Amino acid sequence: MSLPHAILTALLEKPSSGLELTRRFDRSIGYFWSATHQQIYRELGKLEQAGHIRALPAPVPARGQKKEYEVLPAGRTELADWVARTEDPKPLRSALLLRMRAAAVVGAPGMRAELRRHLDLHRKQWEEYLAIEARDFPAARRETEPDRLRHLVLRGGIDLERFWVEWLTHALAELED
């Protein structure tokens with residue numbers, strides 16, 4: 001249910017075409033809520049059909065021209081209602097942790113290499129998040145509540161990556177003993 005709300009959020013930030021939304025997902029929202037190009041276009045159709053968004057009129061009608069979408073009042077209301085709802089945390093789903101559990105049963109060839117690979121990926125992501133924080137969220141740019149909320153989302157990503165780096169480092173050290 002969250003993908004339509006992610007799209008409504010992105011469109012309220014800036015009316016966009018499906019292609020622009022896909023690019024924005026790759027650069028920002030996708031860090032914590034991923035979606036494929038096809039999923040985004042499918043949801044745009046559903047949101048338009050539900051009366052939550054509309055395609056903006058093209059300045060010059062042309063066949064094959066990309067549609068740019070904006071959020072309608074009903075879409076803003078839906079998003080505000082969704083934000084106000086309560087939701088319990090979801091259990092963590094991690095293929096890596098499940099594979100480690102399976103390795104305890106069937107053996108662990110290659111598990112250390114896979115843990116090292118994950119460690120490298122999480123270090124890189126952590127560094128990327130820290131660079132985004134330094135570039136986009138210096139203390140002076142966290143004055144408004146919307147800016148603080150955006151920064152807190154990024155901070156959550158930073159802290160999760162730090163957790164994984166620390167946990168993977170510990171796991172590799174324990175497996176070496």
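Colleague: What covers the buried residues of α6?
Modeller: This is a predicted model. In it, the cover over the buried residues of α6 includes α5 and α7.

Colleague: And which residues of α6 are buried?
Modeller: The buried residues are M111, E114, L115, H118, L119, H122, Q125, Y129, I132 and E133. In general, residues three or four places apart on an α-helix point the same way, because the helix has 3.6 residues a turn.

Colleague: What span should α6 have, and how far apart are its end C-alpha atoms?
Modeller: At 1.5 Å a residue, its 26 residues should span 38 Å. The end C-alpha atoms are 37 Å apart, which agrees with that expectation.

Colleague: Turning to pockets, what volume does the largest pocket have?
Modeller: Its volume is about 2,300 Å³. Elements that each contribute two or more residues to its lining are α1 (2-13), α2 (18-27), α5 (95-106), α6 (111-136) and α7 (145-176).

Colleague: Which element gives the most to that lining?
Modeller: That is α7, with 13 residues.

Colleague: How many residues line the largest pocket, and which lie nearest its centre?
Modeller: The lining has 49 residues, and S28, I29, Y31, F32 and V153 lie nearest the centre. By type, the lining divides into 23 nonpolar, 11 polar and 15 charged residues.

Colleague: What lines the second largest pocket?
Modeller: S2, W33, W82, V83, R85, T86 and E87 line the second largest pocket, and its volume is about 200 Å³. Its lining comprises 3 nonpolar, 2 polar and 2 charged residues.

Terms used. Residues numbered from 1 in each chain as written. Predicted model: local features only at pLDDT ≥ 70, side-chain atom pairs only at ≥ 80, totals over all residues. Heavy atoms only, no water. 1 Å grid on protein atoms, 1.4 Å probe; cavity = no way out; pocket = protein on both sides within 12 Å on 5 of 7 lines; lining within 4 Å. Points joined across faces, edges and corners; volume = space filled by probe spheres on them. Helix = DSSP H or I, 4+ residues; strand = E, 2+ residues; numbered from the N terminus. Nonpolar A, V, L, I, M, F, W, Y, C, P; charged D, E, K, R; others polar. Expected span 1.5 Å × (residues − 1). Buried < 20%, exposed > 50% of the residue type's maximum accessible area, 1.4 Å probe, protein only. Contact = heavy atoms within 4.5 Å.
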